Amino acid sequence: MERKKMSIPDFWAKKKAGQKITMLTAYDWAMASFIDQAGLDMILVGDSLGMVVLGYDSTVPVTMEEMIHHCRAVRRGTRYAFLVGDMPFMSYNINREEAIRNAGRFMKEAGCDAVKLEGGLEVVETLRAIVAAGIPVVAHIGLTPQTVTMLGGFKVQGKDTASAQRLLDSALALEEAGTCAIVMECIPDKLAGLISRSLRVPTIGIGAGNECDGQVLVTNDLLGLFEKFLPKFVKQYVQLYPLIRDALGSYKTEVEAGTFPSPEYSFGMAAQDLKKLRVKKKGPSK
Ligand code: KIV
């Protein structure tokens with residue numbers, strides 16, 4: 001069967017059929033191409049960009065310009081997956097007009113299929129306004145890294161009844177406002193299951209157990225490319241960091257030893273042609 005580009009109704013249909021939705025992050029053309037060829041449903045250009053690619057200590061400093069630049073690169077590598085651009089901190093928090101304008105840039109300048117923004121009840125009206133402007137929005141509740149200081153650090157959310165109720169209420173309000181999917185980060189698995197079953201829109205979990213309608217991870221974590229810290233919910237399918245560091249070290253050693261490039265990696269020339277060459281010496285400059 002010919003593969004076709006994923007769209008919002010496909011995700012709704014997957015949820016209805018009990019088929020899991022697959023999503024990973026990408027920040028450039030090369031990784032987007034790998035993920036698209038691996039057949040994943042969705043690609044997120046997360047503002048985790050700031051931490052795993054740009055070297056910031058948090059996602060807070062990430063700018064609209066940085067997000068648009070990277071989304072454009074990912075767009076070029078994405079043919080079939082549904083492409084979501086993450087709205088950075090303060091790009092949707094000041095007023096609705098600015099939120100719509102910035103969300104529109106992800107669509108017009110970067111070719112995204114949807115945007116994502118963080119928050120629960122407090123962002124419902126902003127989300128509604130962006131959707132009313134014709135832009136699909138993925139919501140993100142639970143542990144929201146842009147406001148991690150307010151949450152008291154990177155910790156599991158919704159562990160007591162009051163905070164769990166707030167997450168459930170947020171999810172229902174976001175669905176009513178028109179979100180097309182909800183990312184749920186770092187919340188107890190049974191709460192994630194209850195929220196998923198209470199909604200018509202699909203949920204995509206990260207550190208939220210296996211009762212969500214889909215799963216997302218930061219690709220650099222999954223590939224073992226990000227060494228600073230590893231959240232408990234990340235499964236590393238491969239550890240590329242030591243492999244890359246060792247390969248680069250071998251290159252350095254061989255260049256220093258003069259063993260690279262060997263003839264196998266060099267270009268030859270006929271000896272008689274080489275012999276005809278004369279080195280013209282310049283006279284001393286006056
Ligand atoms: O920025 C990001 O990569 C995200 C995912 C962790 C969902 O928001």
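**Close-up views of helix packing**

View 1. Just after H6, Gly134 adopts a positive phi of about 95 degrees. Helices (H or I, at least four residues) and strands (E, at least two) are DSSP runs, numbered from the N terminus. Residues are numbered from 1 along each chain as its sequence is written, and side-chain values use heavy atoms, without hydrogens or water. In this predicted model, local features need pLDDT of at least 70 and side-chain atom pairs count only at pLDDT 80 or more, while totals for chains, interfaces and linings use all residues.

**View 2. Helix H6 against H7.** The two axes (lines fitted to C-alpha atoms over the stretch in contact; angles run from 0 to 180 degrees between N-to-C directions) come within 9 Å and cross at roughly 25 degrees. H6 is therefore roughly parallel to H7 (angles under 35 degrees). Val124, Leu127, Arg128 and Val131 of H6 contact Ala173, Leu174, Glu176 and Ala177 of H7 (heavy atoms within 4.5 Å). By class, this contact has 6 nonpolar, no polar and 2 charged residues (nonpolar: Ala, Val, Leu, Ile, Met, Phe, Trp, Tyr, Cys and Pro; charged: Asp, Glu, Lys and Arg; polar: the others, Gly among them).

**View 3. Helix H2 against H4.** H2 (residues 29-37) packs on H4 (residues 64-77) at about 40 degrees, with axes 7 Å apart. Trp29, Ala32, Ser33 and Asp36 of H2 meet Ala73, Val74, Arg76 and Gly77 of H4. By class, the H2 contact with H4 has 4 nonpolar, 2 polar and 2 charged residues.

How values were computed: Parallel < 35°, antiparallel > 145°, perpendicular 65-115°, else oblique.
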